[in-house]
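Dear colleague,

Please find the structure below, followed by a summary of what was found in it.

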Amino acid sequence: MRTITEHLGKRRLFFEGAMGTMLQEAGLPDGYLPDLWSVENTEAVKSVHRQYLKAGCTILKTNTFGANALKLAPHGYTVAEVVSAAVGIAAEAIAEEKAEAFIALDIGPTGKLLKPLGDLYFEDAVELFKDMVKVGAQAGADAILIETMSDSYELKAAVLAAKEASDLPIFCTVVFDEHGQLLTGADIVGVTAMLEGLGVSAVGMNCGLGPQSMLPLVRRLREYCSLPVIVNPNAGLPRSEKGKTVFDVTPQQFAENMRPIAEEAAILGGCCGTTPAHLKAMIDVCKAVDMPVTHSYERLLVSSYATVNEIGSIPTVIGERINPTGKKRFKQALLEDDMSYILHEAVDQEEGGAHILDVNVGLPEIDECERLPRVVQELQKVTALPLQLDTSNADAMERALRVYNGKALINSVNGKEESLQAILPLVKHYGGGVIALTLDENGIPSTAEGRLAIARKIVERAEAVGIPRREILVDVLTLPVSADPSAARVTLEALRLVKQELGVKTVLGVSNVSFGLPSREQINAAFLNMAVLSGLDAAIINPKSYTMMQSIASSAALLEKDEHFERYIASNGDSKSSAVSSAPLSEVSLKEAVIKGLSSDAAKLTEVELEQGSEPLHIIDEQLVPALDYVGQGFEEGRVFLPQLLMSAEAAKAAFEVLKSSLSSTEATSDARTVVIATVEGDIHDIGKNIVKVMLENYQFRVVDLGKDVPAQTIVDAAVREHADIVGLSALMTTTVPAMEQTIRLLRQQAPFVKVLVGGAVLTEDYAARIGADAYAKDAMAAVQYAKSLG
Amino acid sequence: MYVIKASLVAEVYRYMGVHGNEHSRELEALVSTAIERVSMAASPSACQKIMPVSVHDGRCVTVGERCLESADLASHLEGCDQVILFAATLGCDVDRLIDRDSLLRPSLAVAEHAAATVLIEQFSDECCEQTDRELGDDVSLTPRFSPGYGDCPLSCQTVLLHQLEAYKQIGLTLTDKYMMTPVKSISGWLGVTNEKRTCFSKGCAMCLQRHCAFRKEGNVD
């Protein structure tokens with residue numbers, strides 16, 4: 001018999017239908033885990049498989065949908081017991097029916113949300129899935145079916161597990177709503193892009209909807225997918241009848257509704273509510289339908305958990321600002337681990353109109369392997385834009401690619417042997433578009449032909465390891481015209497050649513062209529226009545630059561890359577709004593602006609004060625601190641409420657941010673005390689902790705925020721590493737106060753020098769004392785007062 | 001887009017800890033921005049299921065085939081032979097919005113927290129009122145009783161959400177410490193009774209946290 005891969009896309013394959021529905025018919029109690037019957041009632045499970053084989057199904061789904069360690073543990077079974085039994089039952093069913101059929105190891109979701117939305121770590125999810133894959137592959141499964149996934153991050157964890165623990169082909173089906181979205185936000189195009197990038201063998205959808213509602217979604221999927229498509233619908237939409245879930249679509253209706261789907265999808269089957277009768281009727285109707293032809297697409301798609309960008313459909317803007325090169329303030333933020341500054345850079349660029357954000361955190365003092373993945377995860381909390389991971393450290397690149405939720409851009413590979421060997425395997429394993437720099441061991445060729453030759457070599461080497469050409473974005477490199485007057489001309493020529501000869505997508509960082517010249521933006525904008533005309537698909541620029549964004553919008557409008565001139569008109573709208581915001585300030589003082597919580601006014605007034613010659617420390621002492629004290633006192637007296645306190649804190653922060661660039665680093669940080677704060681393990685409610693952080697920062701404490709659901713040892717390690725003066729802990733629920741107590745105990749052993757301050761809805765002064773804290777703060781101002789009282 | 005009713009906007013201020021009816025222009029702008037952003041992000045969904053229930057020994061409640069230990073739940077469901085299991089969520093985009101703004105603009109996050117709480121309560125109340133109407137005039141529903149009320153442990157969430165298949169139905173999951181994710185979600189039981197009981201204690205009056213900062217005024221005992 002041929003392998004399942006040999007049949008893929010050539011012969012129609014039919015998955016079996018619902019297992020749970022059938023087992024319930026056979027007496028499985030409501031709410032009982034169906035997977036356990038693979039051990040406890042093997043005959044019932046085998047009988048279902050045999051009925052589906054009789055109906056004509058050619059791929060069995062093992063009864064292992066929920067057979068992961070999380071779900072099995074409470075029942076006292078191991079993954080090995082249940083999964084190997086289930087694969088064995090499927091094999092017996094095939095043997096007894098003398099059928100020609102395959103076994104797919106069925107893997108469903110863990111039933112938990114991954115961090116940051118839930119409490120399951122990404123790598124823990126990978127391990128849970130790997131346990132199943134190892135056993136299933138060893139027991140003789142022919143393929144892995146990852147199904148009913150409604151979160152792109154969990155889906156990625158499952159696919160990586162399948163790739164890393166076996167060589168079996170991977171089939172994936174996800175649950176879309178009627179708009180074609182997953183529960184956690186990714187759409188059809190984004191999911192397809194990520195899965196194709198990861199190298200799965202077939203992609204599709206199951207559950208959630210009936211066949212009729214799936215048809216338009218299947219058609220949409222086909223527009224973007226060059227793999228065989230799988231469709232396993234429910235027997236219509238479920239409804240509740242006397243407490244039982246029932247499905248209304250009859251076998252004949254199901255079969256008729258599947259006929260048009262068969263024209264689009266090579267692999268068909270059923271999910272909840274379908275029975276052998278549904279499958280038989282469908283197979284009878286659909287086996288006569290011609291196999292759909294799979295198309296190969298040339299699009300380069302990159303995605304996040306919620307958005308997707310097709311590179312070059314309109315010239316793509318890649319924001320360049322998250323990069324320390326030549327940026328003093330950014331360097332300082334990296335050295336101080338000031339995440340908030342980096343996150344604001346991301347949001348500002350998004351608001352400026354960036355489509356993708358480049359992320360570079362490389363400094364000699366920084367461990368990129370630790371920092372890059374952490375920054376990537378933090379960025380994905382504030383922006384849904386796809387990210388471009390920018391590092392020359394292959395290890396850091398791999399770690400960041402692993403935790404990235406979606407399909408990233410990889411910046412970069414080049415023609416050096418070392419780079420090709422380090423980066424191409426990462427592109428192949430994790431998926432992603434990859435930027436190919438036209439330089440090699442001999443440097444950057446001075447001719448366009450030389451750069452084309454390197455680009456060709458990279459493309460060939462990528463294709464040789466199975467990375468399609470469409471995933472490559474060639475950067476022919478921009479050099480300063482001030483050093484070589486022909487530099488821009490050569491770059492533009494190389495751009496045209498590479499497009500013409502290799503048919504790949506192209507990208508350029510344009511700012512370098514003007515290095516050493518005055519009025520750089522003018523030159524940059526002119527060069528960008530020329531590059532777009534020469535076929536540039538993506539530009540790495542500063543999206544906060546009005547001139548550059550206008551320039552790219554104008555080029556797109558002139559080159560028919562801006563339907564109805566929407567982008568051009570929108571970019572002009574921005575100019576109006578920026579004119580409004582730069583209108584003269586209202587007649588308020590800086591102190592008043594802070595008291596009223598007017599952030600942008602506070603920042604501008606601080607600039608004015610500095611221009612008029614005020615010393616930064618004078619501004620702090622005479623305006624900011626008195627304003628904060630005034631509001632803080634009002635809060636304590638019940639005249640000012642929490643949101644107003646925070647608005648003032650944010651306005652003060654905006655002012656401090658302006659001052660920071662004027663203060664020397666010693667002035668800014670010399671006597672700052674350090675507070676490590678965290679929401680304890682198991683607790684995911686962190687609003688209180690976030691408020692305390694803002695207030696402490698305002699009073700010039702250095703705050704190291706470890707986030708929520710933080711293990712005790714992580715907190716202790718941070719306290720020791722940062723030489724913290726205070727550790728602030730929060731817990732909202734009674735169920736998580738024990739974790740707080742445990743953290744305090746550990747701190748006393750390993751960091752006896754710190755003072756421990758606690759807060760949270762269920763705590764009281766007495767309770768805090770009982771669990772060994774030094775102090776209890778009823779609110780954010782009380783936390784500030786305590787911290788100040790330590791001198 | 002699902003929005004907060006005008007009559008419930010005052011609740012947003014209450015959850016933010018703001019007293020009185022006179023608000024500064026800046027605060028009003030903050031709240032209206034928060035309400036709008038939460039509504040844009042929310043995709044409310046609910047699931048429910050009716051199951052047989054019985055109460056034994058005043059502290060043991062059997063729902064379907066599962067037994068829950070709670071004297072307060074038992075007393076709440078006394079006299080009911082059926083119970084509606086209920087769960088609703090605003091979806092994960094609201095959590096994402098609040099997490100994002102907590103990092104960027106905490107004052108707005110505080111207002112969004114409050115707005116989201118009001119929105120999920122409003123949505124849940126509407127769903128339950130509709131169910132009550134659909135059941136007809138012969139029976140009535142008790143107010144919602146959620147895990148964590150009175151002596152009912154949070155761990156009962158596991159049974160409730162499992163019986164509802166809440167993950168499959170609306171994507172609602174639990175953390176190891178029994179907190180719901182997405183966070184802006186509500187779950188609970190509503191007893192179905194033939195008696196015309198009219199004196200149910202509801203909302204704040206039902207809660208044992210007598211000193212809660214958010215307890216409604218005039219509802220102290």
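A disulfide is taken here as a pair of cysteine sulfur atoms within 2.5 Å. By that rule, the structure holds 0 disulfides over all chains. The sulfur of B:Cys47 lies 9.9 Å from the closest cysteine sulfur, that of B:Cys127, which is too far for a bond. B:Cys47 is also buried, at 7% relative accessibility, where buried means under 20% relative accessible area (1.4 Å probe, protein chains only). B:Cys60 counts as buried at 12%.

This is a predicted model, in which local features need pLDDT of at least 70 and side-chain atom pairs count only at pLDDT 80 or more, while totals for chains, interfaces and linings use all residues. Residues are numbered from 1 along each chain as its sequence is written, chains are lettered from A and ligands numbered from 1 in the order in which they are written, and side-chain values use heavy atoms, with hydrogens and water left out.

Turning to the interface, 47 residues of chain A and 42 residues of chain B take part in the contact (heavy atoms within 4.5 Å). The two chains bury about 4,000 Å² between them, 64% of it on carbon and sulfur atoms; this is the accessible area (1.4 Å probe) lost on being put together, summed over both. A:Leu117, A:Phe641 and A:Ile687 supply 14% of the area that chain A buries against chain B, more than any other three residues.

The interface has 4 salt bridges (a side-chain nitrogen of Lys or Arg within 4 Å of a carboxyl oxygen of Asp or Glu). B:Arg100 forms a salt bridge with A:Glu350, with the closest N and O atoms 3.9 Å apart.

With kind regards

How values were computed: Buried means under 20% relative accessible area, exposed over 50%, partly exposed in between (1.4 Å probe, protein chains only).
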